[in-house]
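Subject: Structure handover

Hello,

Please find the structure below, followed by notes on what turned up in it.

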Amino acid sequence: MEPVEEFTKVESIFVRKRNALMVCGQFTPIFTDYYIHLMENQLRHKEQLDTIIKDKLAFLTLHLVARPWAETIAWTVNLRAPRVNFFVTGSSVEENITGHLFTENVKESDRNILYSQTLVKGAEGRKSTVELDDNDPAKWVETYYVQSEQRPARAFRLPDENFVLIAAQPDCDLEWLEALTTEDVEKIMVEEQTKVLETRKFRFHCGCAPDRFLPALAQYKDNKEELFQGDPEVEITCPRCGSKHVITPDML
Ligand SMILES: [Zn+2]
């Protein structure tokens, strides 16, 4: 077996005569590290939920590449049935994507909702909320583009863990974009005039460590017993990725 690269390379490609931006990548490196992360933290999800979060990791990565470099973006999807919260976040500058899903203590909502939060260093952030009609992450991205990005886009899963996002640019051939099938997308590089604009790389990585949680626990510095309650340590779960970290009294 060939060794798996640590990073997924994501290309933005301009489709000349259609005036569309195609962003694509092969996600085995990210999915491999995602599974290693689950194993290391003894996390296990139902296959259906696992597929959704992997799709979301892939599509948010593609969206990050369709956006300016400086943005950190988080997408939270609150599904009604099954009642699940999916969280994914990433950054082109940090070259990372991470995520987690929650099935406990999820507030019940009457519809499926995608919350998007964009942070830009030194600038005002952006938030948007989009209602979702179904349980297909590819359709979520398409709904998000129409409502929040205000331009149509299509999202595709291709064989071998390849994912593609095609977003309209000014003067886009919208009829072509709307009619695209998975088979058409597989042939774009052969049949259309294309130009690679840039390449970015991403890995599954959160960057959390026990130290990161210490500022939030500073209030217990002089009252450690309230936190530890006689136990030699407490376990903290990272809300971004689900990693478990052990905190001991001497760390405070
Ligand atoms: Zn984490």
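D160 has a relative accessibility of 64% and therefore counts as exposed (exposed means over 50% relative accessible area, buried under 20% and partly exposed in between, with a 1.4 Å probe and protein chains only). D160 sits in the loop between β8 (153-158) and β9 (162-168); helices (H or I, at least four residues) and strands (E, at least two) are DSSP runs, numbered from the N terminus. D160 is not a glycine, yet its phi is positive, at about 60°.

Before the rest, some notes on the source: this is a predicted model, in which local features need pLDDT of at least 70 and side-chain atom pairs count only at pLDDT 80 or more, while totals for chains, interfaces and linings use all residues. Residues are numbered from 1 along each chain as its sequence is written, and side-chain values use heavy atoms, with hydrogens and water left out.

Other loop residues

E95, in the loop between β4 and β5 (96-102), is another residue other than glycine with a positive phi, near 55°. E95 counts as partly exposed because its relative accessibility is 24%. In the loop between β3 (71-79) and β4 (84-91) lies P82, and the peptide bond that leads from A81 to P82 is cis, with omega near -5°. As background, most residues other than glycine have a negative phi, and most peptide bonds are trans.

D133 belongs to the loop between β7 (126-132) and α3 (137-149). With 76% relative accessibility, D133 counts as exposed. D133 and C238 are 105 residues apart along the chain, and their C-alpha atoms are separated by 30 Å.

Helix packing

Two packed helices are described by the angle between their axes and the distance between the axes. Here axes are lines fitted to C-alpha atoms, for helices over the stretch in contact, and angles run from 0 to 180 degrees between N-to-C directions.

Helix α1 (residues 28-40) packs on helix α2 (residues 47-66) at about 135°, and their axes are 11 Å apart. That angle makes α1 oblique to α2 (under 35 degrees is roughly parallel, over 145 roughly antiparallel, 65 to 115 roughly perpendicular and the rest oblique). The crossing of α1 and α2 is right-handed, where right-handed means that the near helix is turned clockwise from the far one by less than a right angle, and left-handed anticlockwise. On the α1 side the contact (heavy atoms within 4.5 Å) involves I30, F31, Y34, Y35 and L38, which meet D50, I53, K54, L57, A58 and T61 of α2.

α2 also packs with α3, at an angle of about 35° and with the axes 9 Å apart. This crossing of α2 and α3 is right-handed. α2 contributes I52, D55, K56, F59, H63 and A66 to the contact, and α3 contributes P137, A138, W140, V141, Y144, Y145 and E149.

Aromatic pairs

How many aromatic pairs does the structure hold? There are eight, counting rings of Phe, Tyr and Trp (its six-membered ring) whose centres lie within 6.5 Å; planes under 30 degrees apart are stacked, over 60 edge-to-face and the rest tilted. One of them joins Y144 and Y145, edge-to-face, at 6.0 Å centre to centre with 80° between the planes. Y144 and Y145 are both buried. Ring pairs also link F27, F31, F59 and F163 into a cluster.

Regards
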